[in-house]
Amino acid sequence: MIGSNNEQLGIMSIQAAMAAAEEKNLDLVKIAPHAVPPVCRICDYGKLRFEQAKKDKEAKKNQHAVEVKEVRFGVNIDTHDFEVKARNAVRFLKEGNKVKVSVRFRGRELSHTSLGNDLLLRFAESISDYGVVEKAPKMEGRSMTMFLAKKVEKPASKKNKGEK
């Protein structure tokens, strides 16, 4: 049992807790119903709900939704175009977004899907410093897609902290 001023009141029966809440004209609220014994608090329930809604709103405001950006190209892409697409993908990854890389197959290119697979693997290799393959290349209809996610930096080991 927790009092209205966040002080510990100890373990007591439900009737005693209800009486204590009635005495202060406040509500008895279960904070942790699954604990043994359940944890209850004497407080104003309306005020508690308002403060919780305020916290939830603040948390929602501070969260960043991850978007999926797409980079598309054909099988016969030139080197400069490939590099431009790679730079865009790196920019998307630095912003914290995921990247969907897709290769479109047109006409007879569909019989040479291995070229698209090699192209996607080369693309993943070219931006390996910034992103990792989340989903391997997979054929879907007339296009082959692969998903990339931002590379997670590993924290420096304890041995190297003093070294420069």
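This is a predicted model: local features need pLDDT of at least 70, side-chain atom pairs count only at pLDDT 80 or more; totals for chains, interfaces and linings use all residues.
Residues are numbered from 1 along each chain as its sequence is written, and side-chain values use heavy atoms, with hydrogens and water left out. Look for Glu95 here too: Glu95 and Arg91 make a salt bridge, with their closest N and O atoms 3.9 Å apart. To count, a side-chain nitrogen of Lys or Arg must be within 4 Å of a carboxyl oxygen of Asp or Glu. Glu95 is partly exposed as well, at 44% relative accessibility.

**Lys98 and Glu134 pair up in a salt bridge, 3.0 Å from N to O.** This pair ties together distant parts of the chain: Lys98 belongs to strand E4 (residues 98–104) and Glu134 to strand E5 (residues 131–140), 36 residues apart. Strands (E, at least two residues) and helices (H or I, at least four) are DSSP runs, numbered from the N terminus. Lys98 is partly exposed, with a relative accessible area of 30%, and Glu134 is partly exposed at 41%.

Glu58 is partly exposed at 41% relative accessibility, whereas Lys61 is exposed, at 61%. Searching the whole structure turns up four salt bridges.

With 3% relative accessibility, Ser102 counts as buried. Leaving aside residues up to four places away in sequence, Ser102 touches Glu70, Val71, Arg72, Phe73, Met144 and Thr145. A contact here means heavy atoms within 4.5 Å.

**A cis peptide bond runs from Val36 to Pro37.** Its omega is near -10 degrees. You'll find Pro37 in the loop between strand E1 (27–32) and strand E2 (39–43).

**Asn6 and Asn25 have positive phi values.** For Asn6, phi is about 60 degrees, although Asn6 is not a glycine. Asn6 sits in the segment before helix H1 (14–23) and is exposed, with a relative accessible area of 54%. Asn25 has phi near 55 degrees, lies in the loop between H1 and E1, and is exposed at 71%.

**Stepping back, the protein chain has four helices and six strands.** From the N terminus on, these elements run α-β-β-α-β-α-β-α-β-β. The C-alpha trace spans about 80 × 50 × 30 Å along its principal axes. How does the radius of gyration of the protein chain compare with that of a compact globule of 164 residues? The chain has 28 Å, while such a globule would be near 15 Å; the radius is taken over C-alpha atoms, and the globule rule is 2.2 Å times the number of residues to the power 0.38. Of the 164 residues, 24% count as buried. Among contacts with a separation of 6 or more, 54% come from residues 24 or more positions apart.

Definitions and conventions. Buried means under 20% relative accessible area, exposed over 50%, partly exposed in between (1.4 Å probe, protein chains only).
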